[in-house]
Amino acid sequence: RTLLTTVIQKQGLEKQSVAPKASLGGGITGMLKSLLYGPNRADFEGATSFDRALSQLQSALKIERVGNTYVLRVTVTSSSPQQAADIANSIAATYVEQGQDAVSEETRQTADALQARLAQLKAGSDQAQQDLEKYRRDNGLLDAQGVTVDEQQLRDLNDQVTKASVDVETARARLAEVDRLKGLPASALTSTTVMTSPTAEALRAPRDTAIAEESSLAGLYGRYH
């Protein structure tokens, strides 16, 4: 009925359907109406123009399947061959359009359902992440940078161990150099860079002064004065 209603509107068949008028040949007309409309003749005469157009179209229409295929044959009987062809083509075109509309609507509903489901899943995922962060924060498992406390402590300890190892190796190298230079005269230490501590720097200036004074006195009073 939905398809034929659309065809009636497209083809303007409702305007072409008029109620039968009484005539002098009432007996013959009544017989013809009885043959055409059967026991529903009275209902037909009192029906609306649309109902008459729909009934006439249903009576003039035949749709059958061609063999064991998906092909449908649409046959329309009319006093006008062109009108019959137009109605048949309109029925076929409307059938295809409504089929496409149904598929498009089903696709849209499926897409809407998927979008709604994705939104629900995203909301659930966000909530779960927030709950996890809250648990870790409430239990002291996070610091300001979002790193676990245990992991941060481990990193700090590793940094301290590495720095201590470097300091030990540096001190060991300096000690070995000092042991090597231990027996040399003070003047021989001026060219070495091992004595770079603040204490060594403080001692170096008076040492240089003493060396210079010793050389001056040796020139004045003799080397063994």
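Author: Happy to. A residue counts as buried under 20% relative accessible area, as exposed over 50%, and as partly exposed in between. With 32% relative accessibility, Glu105 is therefore partly exposed. Please keep in mind that this is a predicted model.

Glu105 belongs to helix α6, which runs over residues 81–138. Helix α6 has 58 residues and spans 85 Å from its first C-alpha to its last, close to the 86 Å expected at 1.5 Å a residue. The side chain of Glu105 forms a salt bridge with that of Arg108, at 2.5 Å from N to O. These two are three residues apart in α6, so about one helical turn separates them. Arg108 is partly exposed too, because its relative accessibility is 42%. Salt bridges with shared partners join Glu105, Arg108 and Asp112 into one network.

Glu97 is partly exposed at 37% relative accessibility, and Lys10 is partly exposed at 44%.

The buried residues of α6 are Gln83, Ala84, Ile87, Ala88, Ser90, Ile91 and Thr94. Their cover includes α1, α2, α5, β1 and β2. Two of those helices, α1 and α5, also pack against each other at an angle of about 110°, with axes 10 Å apart. That angle makes α1 roughly perpendicular to α5. The residues in their contact are seven nonpolar, two polar and no charged.

Definitions and conventions
Residues numbered from 1 in each chain as written. Predicted model: local features only at pLDDT ≥ 70, side-chain atom pairs only at ≥ 80, totals over all residues. Heavy atoms only, no water. Axes fitted to C-alpha atoms, helices over the stretch in contact; angles between N-to-C directions. Helix = DSSP H or I, 4+ residues; strand = E, 2+ residues; numbered from the N terminus. Parallel < 35°, antiparallel > 145°, perpendicular 65-115°, else oblique. Nonpolar A, V, L, I, M, F, W, Y, C, P; charged D, E, K, R; others polar. Expected span 1.5 Å × (residues − 1). Buried < 20%, exposed > 50% of the residue type's maximum accessible area, 1.4 Å probe, protein only. Contact = heavy atoms within 4.5 Å. Salt bridge = Lys/Arg side-chain N within 4 Å of Asp/Glu carboxyl O.
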